[in-house]
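Q: I'd like a close look at one part of this protein. Could you walk me through it and then show how it sits in the rest of the chain?

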Amino acid sequence: MATVPGSLHTRKVGREDANTILEVYRQCEDFLVLGPRSKASLDMVLDDIAETESAGGVFNGIFAGRTMIGVFSYVAGGFEGQPANAFIILLMLIPSFRGRGIGTRIVEVVEKRILKNREVTAILSGVQVNNPRALRFWQQNGYRIVGRPELLPDKTTVFHLRKDREQIVK
Ligand SMILES: CC(C)(COP(=O)(O)OP(=O)(O)OC[C@H]1O[C@@H](n2cnc3c(N)ncnc32)[C@H](O)[C@@H]1OP(=O)(O)O)[C@@H](O)C(=O)NCCC(=O)NCCS
């Protein structure tokens, strides 16, 4: 378990927490509707956990007291076989906890964890082109768009994002 400033904490969660994670997903359908599967389901949660694991990442819950208020997942290095690359896969907060600086604090926590791996020189992520608020969030946190938007096999179109180690370690 790790403490996030401001009385929140995070911990690794998994299949045993799937029903609690599903509650978070259900409350985030305003975001899911932008993607390939608009309805939250247990299958979606289990698929996301499995995909995180197969990418070599960790899936985490964000808690205010005992209540799960969000999730995030990331690969701390060696993303797609590249030792220098980490990847933030997912960050999602339930609506009543958005816009209060929590996402920014979580990104800082994730960056700190990732940069402990001395081999990593860049943190990558992706954002759907139809999610301008999230794009703004990433840009405010120092992530820049690289290359052109890409149409993925799941029919979503994403901007690829990148932040280099030098931009984080100031
Ligand atoms: C995107 C998200 C993780 C940001 O976390 P947050 O705690 O709300 O963001 P912060 O309070 O740290 O930063 C606020 C900035 O985030 C952006 N933002 C994105 N979505 C937002 C939302 N629903 N509510 C408020 N701010 C949002 C805005 O740019 C805002 O800056 P502004 O007030 O100057 O416009 C969160 O809003 C969320 O979970 N949204 C739904 C899921 C999602 O889009 N995830 C990202 C997928 S790539």
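Which residues of helix α1 (residues 18–27) are buried?

A: Keep in mind that this is a predicted model. In helix α1, which covers residues 18–27, the buried ones are Ala18, Ile21, Leu22, Val24 and Tyr25. Look down the axis of α1 and these buried residues fall within an arc of 160°, so they line one face of the helix. The spacing makes sense: an α-helix has 3.6 residues a turn, so residues three or four places apart point the same way.

So what sits over that face?

Now zoom out. The protein chain has six helices and eight strands, and along the sequence they run β-β-α-α-α-β-β-β-α-β-α-β-β-α. Of the contacts between residues at least 6 apart in sequence, 56% join residues at least 24 apart. Buried residues account for 43% of the 170 in the chain.

As for overall shape, the C-alpha trace spans about 35 × 35 × 30 Å along its principal axes. The radius of gyration is 15 Å, which agrees with the value near 15 Å for a compact globule of 170 residues.

The charged side chains number 23 positive and 18 negative, and the centres of the two sets lie 7 Å apart.

Technical notes: Residues are numbered from 1 along each chain as its sequence is written. This is a predicted model: local features need pLDDT of at least 70, side-chain atom pairs count only at pLDDT 80 or more; totals for chains, interfaces and linings use all residues. Side-chain values use heavy atoms; hydrogens and water are left out. Helices (H or I, at least four residues) and strands (E, at least two) are DSSP runs, numbered from the N terminus. The radius of gyration is taken over C-alpha atoms; the globule rule is 2.2 Å times the number of residues to the power 0.38. Buried means under 20% relative accessible area, exposed over 50%, partly exposed in between (1.4 Å probe, protein chains only). Contact means heavy atoms within 4.5 Å. Lys and Arg count as positive and Asp and Glu as negative; His and the chain ends are not counted. The place of a charge is taken as NZ of Lys, CZ of Arg, CG of Asp or CD of Glu. The arc is that of the directions from the helix axis to the C-beta atoms.
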